[in-house]
Amino acid sequence: MLRGVLGKTFRLVGYTIQYGCIAHCAFEYVGGVLVCSGPSMEPTIQNSDIVFAENLSRHFYGIQRGDIVVAKSPSDPKSNICKRVIGLEGDKILTSSPAGFFKSHSYGRRGGS
């Protein structure tokens with residue numbers, strides 16, 4: 001009887017670990033569901049919208065202007081930020097007022113050009 005209970009318990013633990021690994025790989029490499037918070041992406045994405053962020057296309061296509069990217073927040077690594085790409089490395093971006101451009105945050109490289 002004890003052998004049967006232990007066998008079922010180990011099988012359950014084994015299946016749990018297997019499916020946990022599969023879920024981890026799916027969320028890490030295929031994509032995942034997340035909630036975008038804040039008004040910075042309006043009107044495209046509203047505050048508290050639930051979006052599916054896929055991770056595959058970045059391996060096949062480069063990031064281009066107009067894409068929406070999800071990244072870890074530099075000020076709070078436990079949370080994500082959603083931003084639209086307006087420039088790529090080497091681009092010069094002109095705005096009508098520097099105050100308006102940096103209103104959200106500066107997430108560029110630190111300490112150099």
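What follows is a short chat about cysteines, a surface patch, a salt bridge and a pocket.

Modeller: One thing before you start. This is a predicted model.

Biologist: Noted. How many disulfides does the structure hold?

Modeller: The count is 0.

Biologist: Remind me what a disulfide is?

Modeller: A covalent bond that links the sulfur atoms of two cysteines.

Biologist: New topic. Which residues make the nonpolar surface patch?

Modeller: Tyr29, Val30, Val33, Val35, Ile50, Phe52, Leu56, Phe60 and Tyr61. The patch covers about 1,000 Å².

Biologist: Which elements supply at least two of its residues each?

Modeller: Helix 1, which runs 2-30, strand 1 at 31-36, and strand 2 at 49-54.

Biologist: Take phenylalanine 52. Where does it lie, and is it buried or exposed?

Modeller: Phenylalanine 52 sits in strand 2. It is exposed, with 54% relative accessibility. The cut-off for exposed is over 50%.

Biologist: Now charges. How many salt bridges turn up in the whole structure?

Modeller: The search finds 1. It joins the side chains of arginine 65 and aspartate 91, with 2.6 Å from N to O.

Biologist: Which parts does that pair tie together?

Modeller: Two loops. Arginine 65 is in the loop between helix 2 (57-60) and strand 3 (68-72). Aspartate 91 is in the loop between strand 4 (80-84) and helix 3 (98-101). So the pair ties together parts 26 residues apart in sequence.

Biologist: How accessible is aspartate 91?

Modeller: Aspartate 91 is partly exposed, at 32% relative accessible area.

Biologist: Last topic. How much space lies in the second largest pocket?

Modeller: About 590 Å³.

Biologist: How many residues line it, and which lie nearest its centre?

Modeller: The lining has 22 residues. Nearest the centre are Ala53, Glu54, Asn55, Arg58 and Val70.

Biologist: Which elements supply at least two lining residues each?

Modeller: Helix 1, strand 1, strand 2, helix 2 and strand 3.

Methods:
Residues numbered from 1 in each chain as written. Predicted model: local features only at pLDDT ≥ 70, side-chain atom pairs only at ≥ 80, totals over all residues. Heavy atoms only, no water. Disulfide = S-S within 2.5 Å. Patch = residues over 30% accessible without salt bridge, like charges linked within 9 Å, V, L, I, M, F, W, Y side chains within 5 Å. Areas by Shrake-Rupley, 256 points an atom, 1.4 Å probe, with all protein chains shown as cover. Salt bridge = Lys/Arg side-chain N within 4 Å of Asp/Glu carboxyl O. Helix = DSSP H or I, 4+ residues; strand = E, 2+ residues; numbered from the N terminus. Buried < 20%, exposed > 50% of the residue type's maximum accessible area, 1.4 Å probe, protein only. 1 Å grid on protein atoms, 1.4 Å probe; cavity = no way out; pocket = protein on both sides within 12 Å on 5 of 7 lines; lining within 4 Å. Points joined across faces, edges and corners; volume = space filled by probe spheres on them.
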